[in-house]
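Have a look at the picture first, then read on.

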Amino acid sequence: MATTAKIARDEKLAIAKKNKTPKLACRHRNRCFRCGRPRGFLSKFRLCRICFRKLALAGEIPGVVKASW
């Protein structure tokens, strides 16, 4: 799922390539590969906290279990 920010950035880069202008300088932002959310990102799993929780509770992430003590 692409977000509107990603689409806008890609369009700007495509226009820049056509016009032979230098590439836009922007910082890399880690995003969830499922939903594209930029905040609450867990780099080990490449997921946001919301998607991580859904998948962990469904048992789809191997080795992750809910804590209980």
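1. Let me start with Phe-52. At 18% relative accessibility, Phe-52 counts as buried, because the cut-off for that label is under 20%. Keep in mind that this is a predicted model, so everything here is computed from it.

2. Phe-52 has a ring partner. The structure holds one aromatic pair. It is made by Phe-45 and Phe-52, whose ring centres are 4.8 Å apart with the planes at 45°, so the pair is tilted. Stacked would need planes under 30 degrees apart and edge-to-face would need over 60. As for Phe-45, its relative accessible area is 28%, which leaves this residue partly exposed.

3. Most residues other than glycine have a negative phi. Arg-46 sits in the loop between β1 (41–42) and β2 (47–48), and with a relative accessible area of 49% it is partly exposed.

4. Now the overall layout. The protein chain has two helices and two strands, and along the sequence they come in the pattern α-β-β-α. Of the 69 residues, 16% count as buried. Taking contacts between residues at least 6 apart in sequence, 13% join residues at least 24 apart. The accessible surface comes to about 6,300 Å², and carbon and sulfur atoms account for 56% of that.

5. Last, the pocket. Which residues line the largest pocket? They are Ala-5, Lys-6, Arg-9, Cys-26, Arg-27, His-28, Arg-29 and Arg-31. By class, the lining divides into two nonpolar, one polar and five charged residues. The volume of this largest pocket is about 220 Å³.

Methods
Residues are numbered from 1 along each chain as its sequence is written. This is a predicted model: local features need pLDDT of at least 70, side-chain atom pairs count only at pLDDT 80 or more; totals for chains, interfaces and linings use all residues. Side-chain values use heavy atoms; hydrogens and water are left out. Helices (H or I, at least four residues) and strands (E, at least two) are DSSP runs, numbered from the N terminus. Buried means under 20% relative accessible area, exposed over 50%, partly exposed in between (1.4 Å probe, protein chains only). Contact means heavy atoms within 4.5 Å. Accessible areas come from the Shrake-Rupley method with a 1.4 Å probe; for residues, only the protein chains shown count as cover. On a 1 Å grid over the protein atoms alone, a cavity is a set of points where a 1.4 Å probe fits but cannot get out, and a pocket is an open set with protein on both sides within 12 Å along at least five of seven lines; lining residues have an atom within 4 Å of a point. Grid points are joined across faces, edges and corners, and a volume is the space filled by probe spheres set on the points. Ala, Val, Leu, Ile, Met, Phe, Trp, Tyr, Cys and Pro count as nonpolar, Asp, Glu, Lys and Arg as charged, and the others, Gly among them, as polar. Rings of Phe, Tyr and Trp (its six-membered ring) pair if their centres lie within 6.5 Å; planes under 30 degrees apart count as stacked, over 60 as edge-to-face and the rest as tilted.
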